[in-house]
Amino acid sequence: MQNAKDLLNYKKELAQAIKDGDDTIFFNDSILHAMLIVKELLNKASKEDGRLLQMYCGNFSLFRDKTERKVLDEKYKWSTTDLSKEESENWASLDFYADLQQALTDFLSVEGKLKLILQYQTNTLPENRVWRVLENGIRQNNVSIYQLKINVGLDHFAVTREAYRVENSNEIKTATCCFKDSPNANILNENFNELIKFSEPFIV
């Protein structure tokens, strides 16, 4: 069983590293970690020149409706036995799914640019609540969505000018991330631009 205290400490360390411009590499191994990190990537991108976040993912699953229940179930599995009263209140107040949805809305509201390449199930994306946010972004030329045409065998990733998250396993959400690593972020951005060549625009 995973420990809620560890994740609260992870959240603090992540926030401090971002504030300090630290190049620490963080490892993460749960969907709750993934929600926290993608939220911070959106926040990071909103403060960078260009305000661009590029994501190569399976089906944008972190933002889909079905994930809300999955995340809530996962949160209840974590041990809270060693939390202080303040930490217990902090843990209880965390809504990982809603916070990520809000981060996306906030990102696009400040003219953030989101580019997505989806590997599969693109046609079902409009059936999810997040589609309203994406559709509005598409109308304002702030969101671009592509469907990958071939299997390229690359790990999924999300990247800004300086920060990134790279998955090792889509199933259990193991990944590494860093919020101050321009050289590797540049490589991932170049990979994304290459992937666009093997993709086609998603049109509803």
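Q: Leaving aside neighbours within four places in sequence, which residues is Leu114 in contact with?
A: Apart from those neighbours, Leu114 is in contact (heavy atoms within 4.5 Å) with Leu53, Met55, Phe60, Leu104, Phe107, Leu108, Leu134, Asn142, Val143 and Ser144. This is a predicted model, in which local features need pLDDT of at least 70 and side-chain atom pairs count only at pLDDT 80 or more, while totals for chains, interfaces and linings use all residues. Residues are numbered from 1 along each chain as its sequence is written, and side-chain values use heavy atoms, with hydrogens and water left out.

Q: Which members of the largest nonpolar core touch the most other members?
A: They are Phe60, Trp91, Leu114 and Leu134, in a core of 49 residues. A nonpolar core is a set of buried Ala, Val, Leu, Ile, Met, Phe, Trp, Tyr and Cys residues joined through side-chain atoms within 4.5 Å. Buried means under 20% relative accessible area, exposed over 50%, and partly exposed in between (1.4 Å probe, protein chains only).

Q: Which element gives the most to this core?
A: Helix α2 does, with ten residues. Helices (H or I, at least four residues) and strands (E, at least two) are DSSP runs, numbered from the N terminus.

Q: Now α7: which of its residues are buried?
A: Ala185, Leu188, Asn189, Phe192 and Leu195 are buried in α7. They lie on the same side of α7 because they cover an arc of only 115° around the axis, taken from the directions from the helix axis to the C-beta atoms.

Q: And what does the face turned away from that side carry?
A: That face of α7 carries the exposed residues Pro183 and Glu190.
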